[in-house]
Amino acid sequence: MKNNNFSFLLIAFFSFAIAMPLLAQEENDENEKWEFDTIALVKNTSVKSQDRTGTCWDFSTTSFIESELLRKGKGRHDISEMFFVRYSYPVKAQKYLFFHGKHQFAQGGQAHDVMDVVRDFGMIPEEIFNGMNINEDAHNHKEMDAVLKAMMKAVVEHQRGVNITPRWNQALEGILDAYLGEVPEKFEYNRQEFTPKSFAQEMGINADDYIELTSFSYYPFYEECILEIPDNWSLAKYYNLPIDDFMAVIYHALENDYSLVWDGDVSDTYFTHKNGVAYVPKEKWNRYMDESEGKFVGRYHEEVDVVSQADRDQTIYNQSTTDDHLMHLVGVSQDQHGTKYFITKNSWGTKGNDLGGYLHMSDKYVRLRTIAVLVHKDALPKNIAKKLGIK
């Protein structure tokens with residue numbers, strides 16, 4: 001009997017000894033953090049902050065242009081974001097007027113808005129035009145936006161039964177100059193004299209070299225479509241691709257030194273700027289769990305197996321995916337379990353983020369939550385460019 005008791009205790013001891021590291025491993029897994037290795041990285045400039053403005057479209061695309069200048073061997077330049085804001089507003093106001101006030105007139109926009117300004121007006125260095133006319137230390141467009149909206153609303157309402165005078169445009173220009181400053185016709189930069197247009201030409205930025213892509217089965221694939229989102233106020237056209245081809249373009253671009261402007265949804269619970277990651281977990285947090293939502297979201301989770309075309313279409317139909325925010329895709333990374341991510345440069349500054357203003361968005365998150373991308377047409381794989389008729 002004693003021997004049997006001893007044997008039982010011995011088995012119990014070894015069982016406990018074996019279980020201890022397993023339990024410790026489980027505890028570690030529950031608190032596992034992401035670890036990333038860089039696979040591809042496009043040269044990019046320092047992280048900026050859009051501050052208290054709704055101009056992510058501008059900051060992301062300006063960052064993209066700065067990377068394009070590095071790719072083209074033009075050197076490192078800090079390009080003015082507010083130049084693009086300054087010249088977008090009058091065009092946006094004219095469109096608002098043509099639609100009798102039934103059109104988007106706000107701070108938001110799309111990547112092509114920057115390229116349209118480059119085409120029509122050029123671009124300018126930040127040191128020449130920073131868009132802060134009263135020596136502010138940060139951008140804040142709250143008051144300017146309110147004044148511009150009030151003015152344009154008054155012009156539209158005045159239109160009823162009365163001819164609109166050309167003075168509204170002069171007044172709009174005056175407001176923009178007052179808040180952002182007057183843009184110089186000529187300027188000196190690096191011991192050369194430029195106009196905004198000649199500077200863009202010198203930098204080799206041809207707006208017609210850049211295209212926008214989306215993936216939405218509501219439109220025919222491999223054709224152009226007008227993407228029906230509020231911030232596409234100019235009614236620009238996008239090429240529509242099936243999701244697998246769409247993702248192939250992103251990978252091919254980044255692996256060949258081309259970056260992209262990304263437009264998508266960042267209101268998803270599992271987009272966590274603080275932790276520098278965005279993902280699509282199998283297990284979702286709920287209020288009955290023992291841990292807080294913040295703790296749950298901030299640790300590693302296994303992702304869903306597949307994100308299909310139907311999955312992303314559904315989120316666009318039900319508007320859980322909207323065009324919240326634009327950022328700059330600058331690389332590809334991989335976590336400790338082999339999952340692929342896209343290294344993303346944000347425009348929310350460097351504070352409140354563990355990665356100095358960058359984050360890693362998983363392949364599945366990008367499949368699910370992307371609205372569109374902008375990229376140089378030469379970054380397309382040849383077979384996809386051929387299907388789109390792009391040379």
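Residues are numbered from 1 along each chain as its sequence is written, and side-chain values use heavy atoms, with hydrogens and water left out. Because the model is predicted, local features need pLDDT of at least 70 and side-chain atom pairs count only at pLDDT 80 or more, whereas totals for chains, interfaces and linings use all residues.

Helices and strands are DSSP runs numbered from the N terminus (helices H or I, at least four residues; strands E, at least two). Helix α3 spans residues 81–98 and helix α4 residues 111–121; their axes come within 9 Å and cross at roughly 85 degrees. The axes are lines fitted to C-alpha atoms over the stretch in contact, with angles running from 0 to 180 degrees between N-to-C directions. Helix α3 is therefore roughly perpendicular to α4 (65 to 115 degrees). In contact (heavy atoms within 4.5 Å) are Phe83, Phe84, Tyr87 and Ser88 of α3 with Asp113, Val114, Val117, Val118 and Phe121 of α4. Seven of these residues are nonpolar, one is polar and one is charged (Ala, Val, Leu, Ile, Met, Phe, Trp, Tyr, Cys and Pro count as nonpolar, Asp, Glu, Lys and Arg as charged, and the others as polar).

In strand β7 (residues 260–264), five of five residues are buried, that is, under 20% relative accessible area with a 1.4 Å probe, protein chains only. Leu260, Trp262 and Gly264 lie on one side, and Val261 and Asp263 on the other. Strand β7 runs antiparallel to β10 (residues 325–335), joined by five bridges, and Trp262 has Met327 as its bridge partner there. Four bridges also join β7 to the antiparallel strand β13 (residues 370–376), where Leu374 stands opposite Val261. Strands pair if DSSP finds at least two bridges between them.

Terms used:
Angles under 35 degrees count as roughly parallel, over 145 as roughly antiparallel, 65 to 115 as roughly perpendicular and the rest as oblique. Buried means under 20% relative accessible area, exposed over 50%, partly exposed in between (1.4 Å probe, protein chains only).
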